[in-house]
Amino acid sequence: MIIIFGATGDLTKRKLLPAINNLHKKGLIDCPVICIGRRDISNTEYIKLVGLKSSDSFSKLIHYFKTDLTESNNPLFVKFIKKEFKEHKCKGKLFYFAIPQKLFKPVIDLIKASKLLSGGWNRVVFEKPFGYDLVTAKELNKQVSTIFKEKDIYRIDHFLGKELVQNIQVLRFTNSIFEQMWSNEFIDNVQVIMDEKVLVGSRGGYYDNAGAVRDMVQNHAMQILSLIAMEPPKRMTNEEIIKEKIKVLKALKPVKPSDIVLGQYKGYRGERGVDPHSDTETFTALKFNINNDRWKGVPFYIRTGKALSKSLTEVNLVLKRVKSDLICKNEVPNIISIRIKPEEGVSIRFNNKLPGHGLETSPVKMDFCHRCLFDNNPEAYEVLIHEVFMGNKGLFTSWDEVVHSWKFIDDLLSKNGKVRKYERGSSGSMIARKLLSKDRREWVEIN
Ligand code: BG6
């Protein structure tokens with residue numbers, strides 16, 4: 001059984017219900033979905049609101065309840081949940097907190113007071129932000145841990161459900177062509193780029209309190225970075241992988257103020273829910289260094305922002321140039337690109353001789369297009385919700401990762417860089433050009 005708190009919110013409509021519907025269509029989920037929201041609407045109206053048709057078989061599983069979550073007692077829906085659970089012979093309950101963090105405590109009190117945790121497995125799922133900083137993250141974790149054990153807490157970082165993010169380990173640990181190069185012996189720098197064209201839209205209230213570093217770097221970028229940089233785990237078990245990822249987070253050197261770029265797009269202060277004097281960053285570019293043997297001397301550049309010229313999520317590993325006597329005109333460094341979004345795939349850029357006399361080169365690309373070969377990529381949320389049902393925690397953020405990531409980000413944010421304005425539609429590489437040019441490098445722009 002699935003119980004969604006925050007059923008009328010954007011996440012439930014855009015991501016959760018479509019994902020559960022797909023799992024239902026594949027025959028993987030056939031249990032009631034109890035949707036709890038604040039709006040006073042009927043079940044039929046709710047089904048319409050979330051874009052489903054009453055005739056869909058999935059709609060028959062949906063039950064909407066209007067509830068004020070700040071009341072810790074609601075006999076009606078509690079009775080209903082218990083009855084449905086029994087009738088459908090459900091094996092467990094998945095509690096999805098698609099709600100702001102201030103509502104976690106009342107919801108936890110409600111679950112506790114209603115004795116909903118009896119029978120079968122009980123797992124709780126929630127999304128970032130996991131707190132606003134380390135202190136608030138600890139408070140939040142304490143609240144959730146009063147009724148759920150760590151093994152039953154699933155913290156979603158939806159990037160971990162993305163096919164090409166999951167593919168990072170396979171790429172590294174099953175291909176000698178890549179694994180042999182994966183160190184400072186061959187790699188000059190790594191660039192994690194998460195550019196977005198979209199503005200903050202209807203999420204101004206949340207975003208203005210978070211900003212690009214908390215919204216994208218503390219979680220998504222840190223996950224990608226630790227998957228790219230970790231040592232091969234002793235065994236491919238969840239515990240061993242997490243151990244290695246945490247070692248990376250612990251080995252991050254504090255970021256220097258001169259290695260932090262912050263920006264805000266023009267017009268942001270006029271967005272709905274945004275403070276008209278806000279200095280929240282909608283763009284950031286950062287330089288990280290990892291203090292270990294493998295990555296000594298290799299900077300990791302992270303870049304993300306809204307209202308940019310392109311929507312693109314990719315990791316570029318820029319290789320060192322070959323030491324050789326053969327100097328060709330227009331020679332460029334090799335680049336291994338892992339494209340996470342859009343057009344998922346992996347490519348390698350190399351120099352190729354231009355036909356004709358002389359040794360002039362032209363950069364060319366060997367490109368693997370993921371969707372061209374595999375057209376059944378499930379959406380990240382579909383993958384993740386299914387994993388919760390299976391009781392697999394491998395694609396979720398552990399508490400220790402949250403702690404170490406916040407320690408690093410709290411320090412970074414305390415350095416309070418100046419937030420510069422940029423035009424909407426600007427290129428991310430241009431806004432943060434200096435961060436790399438001062439190191440005599442440039443942002444990769446091949447995709
Ligand atoms: C979310 C952020 O976690 O990720 C959003 O809160 C961002 O601000 C989104 O737009 C990007 O995810 P995706 O899957 O669209 O690349």
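Colleague: Which helix gives the most to the lining of the second largest cavity?

Modeller: In this predicted model, helix α5, residues 134–145, gives the most, with three residues. The lining as a whole consists of F126, F130, A137, L140, N141, R155 and W399.

Colleague: What makes W399 and R155 fall into classes in that lining?

Modeller: Trp counts as nonpolar and Arg as charged. By class, this lining has five nonpolar, one polar and one charged residues.

Colleague: How do you know what counts as a cavity here?

Modeller: A cavity is a set of points where a 1.4 Å probe fits but cannot get out. The search of the whole structure finds two of 30 Å³ or more.

Colleague: What lines the largest cavity?

Modeller: Its lining includes Q218, N219, M222, L249, E401 and S405. Helix α8 (204–229) gives the most, with five residues, while α8 and α12 each supply at least two. By class, there are four nonpolar, six polar and two charged residues.

Colleague: Why is α9 called roughly parallel to α12?

Modeller: Helix α9 (residues 238–250) and helix α12 (residues 399–413) pack at an angle of about 10°, with axes 9 Å apart. Angles under 35 degrees count as roughly parallel, so α9 is roughly parallel to α12.

Colleague: Which residues make that contact?

Modeller: I242, K245, I246, L249 and K250 come from α9, and D400, E401, H404 and S405 from α12. By class, the contact has three nonpolar, two polar and four charged residues.

Note on methods. Residues numbered from 1 in each chain as written. Predicted model: local features only at pLDDT ≥ 70, side-chain atom pairs only at ≥ 80, totals over all residues. Heavy atoms only, no water. Axes fitted to C-alpha atoms, helices over the stretch in contact; angles between N-to-C directions. Helix = DSSP H or I, 4+ residues; strand = E, 2+ residues; numbered from the N terminus. Parallel < 35°, antiparallel > 145°, perpendicular 65-115°, else oblique. Contact = heavy atoms within 4.5 Å. 1 Å grid on protein atoms, 1.4 Å probe; cavity = no way out; pocket = protein on both sides within 12 Å on 5 of 7 lines; lining within 4 Å. Points joined across faces, edges and corners; volume = space filled by probe spheres on them.
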